[in-house]
Amino acid sequence: MRTATYFFIFLNLSLALFEEPAVYPLPFLATAVLEVLCLLVFLGRLTHFAKVTLHNVFWKDTKNICIMVAILLSLTDLAIYGVLRLYDVRSIRWSRIVRPIFLINFAESRQIRRAFRSIRNTLPEITYVFLLFMFSLLMFSLMALKLFGERNLQTAEGLPYFRNYLEIVFDLYVLVTTANSPDVMMPAFDFSSWYALFFIAFVIVNTYIFMSLFLAVVYNNYKKHLKVKPGGPCD
């Protein structure tokens with residue numbers, strides 16, 4: 001039973017590779033039949049679980065409610081999408097975002113659910129570090145706008161350089177990962193080599209200090225919550 005449940009969960013999640021827009025497109029009817037089959041298996045597994053569980057325990061377990069809601073949403077979205085296709089109306093399968101619910105909430109996925117709970121409990125505790133990082137990013141972006149925005153600099157493609165605040169925020173956010181380094185600084189560096197100090201300071205503060213601090217907080221809190229043993233019959 002556990003192996004069959006995992007197989008159909010994996011099959012349900014894998015359908016995203018074959019549904020439009022797809023990596024390996026299959027006809028809509030084929031993916032729809034496979035999805036309905038998976039949902040029927042999930043419903044059957046839930047029904048089986050309801051028959052071997054006390055009635056009040058089954059309906060108090062939020063995992064079972066989540067699975068039923070996910071099945072209902074998936075069937076509704078599938079039916080609406082199919083009808084719209086008949087009338088050549090382009091739409092999006094929004095229910096695909098609920099498919100991981102099946103992976104997390106079935107009774108067989110206790111370890112996955114425990115890891116997910118640890119991540120969920122860790123998020124509030126890293127909010128302060130994240131807010132400090134965002135404040136630093138926004139301040140550096142404002143400084144970049146004041147330093148470079150009025151100098152009519154251009155990128156190698158001939159586009160305006162650091163004149164739009166939101167674009168600056170995005171470019172510096174990417175710079176935290178060093179994915180656009182050193183290209184993002186070259187127009188300013190060509191204008192004056194002293195401007196390299198701004199980007200060096202940004203990388204030191206945000207990439208080396210904040211990212212290290214962020215990783216340490218995430219790791220310590222996740223490890224702490226992972227050691228906490230869950231309780232209750234509905235875990």
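Helices in this briefing are DSSP runs of H or I with at least four residues, strands are E runs of at least two, and both are numbered from the N terminus. With that settled, here's a quick tour of what is a predicted model. UniProt's unreviewed entry puts a "domain: Ion transport" annotation on residues 6-224, and that span comes out as 69% helix and 0% strand. The notes below go from the record's annotations to helix packing, then to a few loop residues.

**What the record says, and what the model shows there**

- The unreviewed UniProt entry lists "transmembrane region" at residues 26-44, 65-84, 126-145, 165-182 and 194-219.
- Take residues 65-84: the span is 100% helix and 0% strand, with its end C-alpha atoms 29 Å apart.
- Residues 126-145 also have end C-alpha atoms 29 Å apart, and there the span is 95% helix and 0% strand.

**How α1 sits on α2**

- For α1 (residues 2-14) and α2 (residues 28-51), the angle is about 145° and the axes are 10 Å apart.
- The crossing of α1 past α2 is left-handed.
- On the α1 side, the contact is made by T5, F8, I9, L11 and N12. Their partners in α2 are L34, E35, L37, C38, V41, F42 and R45.
- Sorted by type, the contact residues come to 8 nonpolar, 2 polar and 2 charged.
- T5 is worth a click. This α1 residue has a relative accessible area of 5%, so it counts as buried.
- Leaving out residues up to four places away in sequence, T5 touches F42 and R45, plus F106 and E108.

- The buried residues of α4 are K63, N64, I67, A70, I71, S74, D77, L78, Y81 and G82.
- When you look at that list, keep in mind that an α-helix has 3.6 residues a turn, so residues three or four places apart point the same way.
- The cover over the buried α4 residues includes α2, α3 (55-60), α5 (100-105) and α6 (110-122).
- Past the end of α4 comes D88, with a positive phi near 55°.
- α6 passes the length check too: its 13 residues should span 18 Å at 1.5 Å a residue, and the end C-alpha atoms are 18 Å apart.
- In α6, the buried residues are R113, S118 and T122.

**The loop between α8 and α9**

- This loop, between α8 (165-176) and α9 (186-191), holds N180.
- T178 has a positive phi near 65° although it isn't glycine. At 42% relative accessibility, T178 counts as partly exposed.
- N180 has a relative accessible area of 16%, which is under the 20% cut-off, so N180 counts as buried.
- Which residues does N180 touch, not counting those up to four places away in sequence? They are D171, V174 and L175.
- S181 and P182 are joined by a cis peptide bond, with omega about 5°.

**Other loop residues to look at**

- N152 sits in the loop between α7 (127-148) and α8. Its phi is positive, near 55°, and N152 isn't glycine.
- With a relative accessible area of 59%, N152 is exposed.
- W194 lies in the loop between α9 and α10 (196-227). Buried or exposed? W194 is exposed, with a relative accessible area of 66%.
- The C-alpha atom of W194 is separated by 58 Å from that of P27, a residue 167 residues apart from W194 along the chain.

Technical notes. Residues are numbered from 1 along each chain as its sequence is written. This is a predicted model: local features need pLDDT of at least 70, side-chain atom pairs count only at pLDDT 80 or more; totals for chains, interfaces and linings use all residues. Side-chain values use heavy atoms; hydrogens and water are left out. Axes are lines fitted to C-alpha atoms, for helices over the stretch in contact, and angles run from 0 to 180 degrees between N-to-C directions. A crossing is left-handed if the near helix is turned anticlockwise from the far one by less than a right angle, and right-handed if clockwise. Contact means heavy atoms within 4.5 Å. Ala, Val, Leu, Ile, Met, Phe, Trp, Tyr, Cys and Pro count as nonpolar, Asp, Glu, Lys and Arg as charged, and the others, Gly among them, as polar. UniProt positions are given in the numbering used here, feature names are shortened, and annotations may be inferred rather than shown by experiment. Buried means under 20% relative accessible area, exposed over 50%, partly exposed in between (1.4 Å probe, protein chains only). The expected span of a helix is 1.5 Å times one less than its number of residues.
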